[in-house]
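Subject: Structure handover

Hello,

I am passing a structure on to you. Please open it first, then read the notes below.

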Amino acid sequence: QVQLVEFGGGLVQAGGSLRLSCAASGRTFSSLVMGWFRRAPGKERELVASITSGGVTYYVESVKGRFTISRDNVKNTVYLQMNSLKPEDTAVYYCAARGPLTALFYYWGQGTQVTVSS
């Protein structure tokens, strides 16, 4: 099994930056598809960004040009660099993982709060 732990959440002003990190356990990390989800109060959970083992990335339209997902397979860590933050980015952010041939993300971190003040 894979265990995920997030770090880096916090409170920032609009226009500021944060970098989230997610440390993963397991020998199979390099083969996993990694993703960052977020859930704002009263909103549905949404996939913010994902990255395959080969480095192919996906971003939800609202964060394109502002967020960057990356991974370090030596450190078994995935990152989400968030720049030009907006109040609407406020949410609990979750790290998630799935196998390369699996449609659903089924490994989840505990979540970390990101709050952006206006």
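One cut-off before the findings: a residue is buried under 20% relative accessible area, exposed over 50%, and partly exposed in between. Keep in mind that this is a predicted model.

Ser84 shows the cut-off at work. Its relative accessible area is 41%, so Ser84 is partly exposed. Ser84 sits in the loop between β8 and β9. Its phi is positive, near 50 degrees, and Ser84 is not a glycine. Asn76 is another non-glycine residue with a positive phi, of about 55 degrees. Look for Asn76 in the loop between β7 and β8. As background, most residues other than glycine have a negative phi.

Now the overall picture. The chain has 11 strands and 0 helices. The radius of gyration is 13 Å, close to the 13 Å that the globule rule gives for 118 residues, so the chain is as compact as a globular protein of that length. Its C-alpha atoms fill a box of roughly 40 × 25 × 25 Å along the principal axes. Of the 118 residues, 42% count as buried. Take the contacts between residues at least 6 apart in sequence: 53% of them join residues at least 24 apart.

Next, the core. The largest nonpolar core has 31 residues. Leu4, Met34, Trp36, Leu80, Met82 and Tyr93 touch the most other members. The elements that give two or more residues to this core include β3 (18-24), β4 (33-39), β8 (77-82) and β9 (91-98). In general, nonpolar side chains tend to be buried together in soluble globular proteins.

Tyr93 is worth a click. Beyond its neighbours within four places in sequence, Tyr93 contacts residues including Trp36, Leu80 and Met82. Glu6, Arg38 and Thr112 are also among its contacts.

Last, Arg71. You will find Arg71 in strand β7 (residues 67-72). What is the nearest side chain of opposite charge to Arg71? That is Asp72, 8.4 Å away. Arg71 is buried and has no salt bridge. What does the side chain of Arg71 reach at 3.3 Å? The backbone oxygen of Ile51. A polar atom of the Arg71 side chain also lies 3.2 Å from the backbone oxygen of Thr52. Leaving aside neighbours within four places in sequence, Arg71 contacts Phe29, Met34, Ser53 and Val78, among others.

Best wishes

Note on methods. Residues numbered from 1 in each chain as written. Predicted model: local features only at pLDDT ≥ 70, side-chain atom pairs only at ≥ 80, totals over all residues. Heavy atoms only, no water. Helix = DSSP H or I, 4+ residues; strand = E, 2+ residues; numbered from the N terminus. Buried < 20%, exposed > 50% of the residue type's maximum accessible area, 1.4 Å probe, protein only. Lys, Arg positive; Asp, Glu negative; His and termini not counted. Salt bridge = Lys/Arg side-chain N within 4 Å of Asp/Glu carboxyl O. Polar contact = N/O pair within 3.5 Å; in protein donor to acceptor, adjacent residues only side chain to side chain. Contact = heavy atoms within 4.5 Å. Core = buried A, V, L, I, M, F, W, Y, C linked by side-chain atoms within 4.5 Å. Rg over C-alpha atoms; globule rule 2.2 N^0.38 Å.
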